[in-house]
Amino acid sequence: MVQTFLSLNLLNMALPLPFTAVLLLCAFAAPIRAYVEELDDSLLETRQPDDIWLIKFYAPWCRLCMEMDATWHLAASELKSAGSPVNVGKCDAVANKGLAKAFKVHSYPAICMWKNDVKYIHSGPRTSDAIVEFAHRVSGPLIRPLTSAQLFQHALQRHDVMFVYVGASSPLKGVYSSVAEKMIVSMYFFSAGRDVLPEGTSLPALPAVVVFKDGGYLSYNETSDGSLMAWVKRERFQNYARIDNYMLYHMGDSEKLVLLAVLDDAHKSPQNLRSKSLVQKFSQDYKDVYSRKVHFGFMVGADYINGLIMGELSLPAVLLLNLSTDSYFLPPERPETERHLLDFMEQVLNGSIQASGGSGVTQRLRRLVYDIKVTLSPLLTEAPVLIFFLMGFPLAILIAACYLCRKNRRGDEDEDQRPVSSWGQNAHQKSD
Ligand SMILES: *[C@@H]1O[C@H](CO)[C@@H](O)[C@H](O)[C@H]1NC(C)=O
């Protein structure tokens, strides 16, 4: 009797604790979970025309996808609390080939957005801030009207590069919209009346498309600038900027060369600062000469560049990239003055410095070997035993299988005791 009472009491005492824990867990987990829906192919039929979806495609075996889960939930709850109309989901792309195919998903995780029957793919950083910003940008209006001088100034402070359509409706505005529809994955597009532009902005005629950047502005000229799309791709970066991997990747579309100071992690050291400010000063002093052909900037850390040149740069370094062919030019020695840089640029443009790298067949093979080497080498130092077993185990099985085969064959043929080298046998028969 006493015993049952005791154990009951214990049970009573013990119950509430896990119970509360479960309740608490549910209270916290449920609302977060609820913002991310698990999607499948049926979305293709059930989606309403004005639904906007932000979808993460993943594969069950993709570790990066799992690691992104927390970020994804955070982004979803941030969108929710900002009152965004965007629905957030995730989809196993292996089990739901239909949906994944509709978005042309090739690699994981893929972050996509679906709005008005247009599908967008996010190719920026995978932080929750960047994802939320992407969702806000794509879900909002394609072209954002700046209706007052104050709004215009506010936007100008927030965007280093700002495209603005100025004027009434026109065929040019139609073209501008279609460019915005494609490029909104990377940047905002605005429109404004003539009266809200900063004082002193003089436009040749209206309508016009103008880009405000580098403390000035540039207007699109249909006859000399080619298509609006190509012009936007060329002009969507600042003349000089800090460049990261994503930006460099996108600069590949711009058809411009990139003059880059590559700094090491101690990027405040005098030597680093010298290279950086040399490129910066050069970009300003020779803006009129080169800005149509060249982007300028600096990058901290050489991982990406080392991958591109398949070697190891000694830092700080200055080099010129031709991203449309993955090729690069190195100055004969580290430039110290603007004169050196000027000579270097001239030599590249007149063809007297040869490009290295490129995207030819041999280059691609070299890249494959390089990538394998880079992937394996940290493993070799961190987990040599694992590598040994990974490589050694199949090898051992192969050797054992060969041995057994030979042994069986020899048993069948009832051969005499010749040396076991098949090479020797062949050679022997040949010489007969
Ligand atoms: C960069 O590559 C493009 C595409 O092959 C080529 O047309 C251009 O001449 C190259 N630029 C330089 C400076 O080599």
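Which residues are around the ligand? They are Leu257, Asn322, Ser324, Thr325 and Phe329, each with a heavy atom within 4 Å of the molecule. This is a predicted model, where local features need pLDDT of at least 70, side-chain atom pairs count only at pLDDT 80 or more, and totals for chains, interfaces and linings use all residues. Residues are numbered from 1 along each chain as its sequence is written, and side-chain values use heavy atoms, leaving out hydrogens and water.

**Around the ligand**

- A polar side-chain atom of Asn322 lies 2.4 Å from an oxygen atom of the ligand, and one of Ser324 lies 3.4 Å from a ligand oxygen; a polar contact is a pair of N or O atoms within 3.5 Å.
- On its own the ligand exposes 360 Å², and the protein buries 45% of that (Shrake-Rupley method, 1.4 Å probe).

**The sheet**

- Five strands (DSSP runs of E, at least two residues) make an open, mixed sheet in the order E6-E8-E7-E9-E10; strands pair if DSSP finds at least two bridges between them.
- Strand E6 (144-146) and strand E10 (216-219) stand at the edges with a single partner strand each, so one side of each has no neighbour in the sheet.
- Strand E9 (residues 208-213) pairs with E10 in the antiparallel sense over four bridges, and Phe212 has Tyr217 in E10 as its bridge partner.

**A helix on the sheet**

- Helix H11 (residues 228-235) packs on the sheet and touches E7, E8, E9 and E10, where contact means heavy atoms within 4.5 Å and a helix is a DSSP run of H or I, at least four residues.
- The direction of H11 makes about 5 degrees with that of E9; axes are lines fitted to C-alpha atoms, for helices over the stretch in contact, and angles run from 0 to 180 degrees between N-to-C directions.

Key: A polar contact is a pair of N or O atoms within 3.5 Å; within protein, one must be able to donate a hydrogen and the other to accept it, and residues adjacent in sequence count only if both atoms are side-chain atoms.
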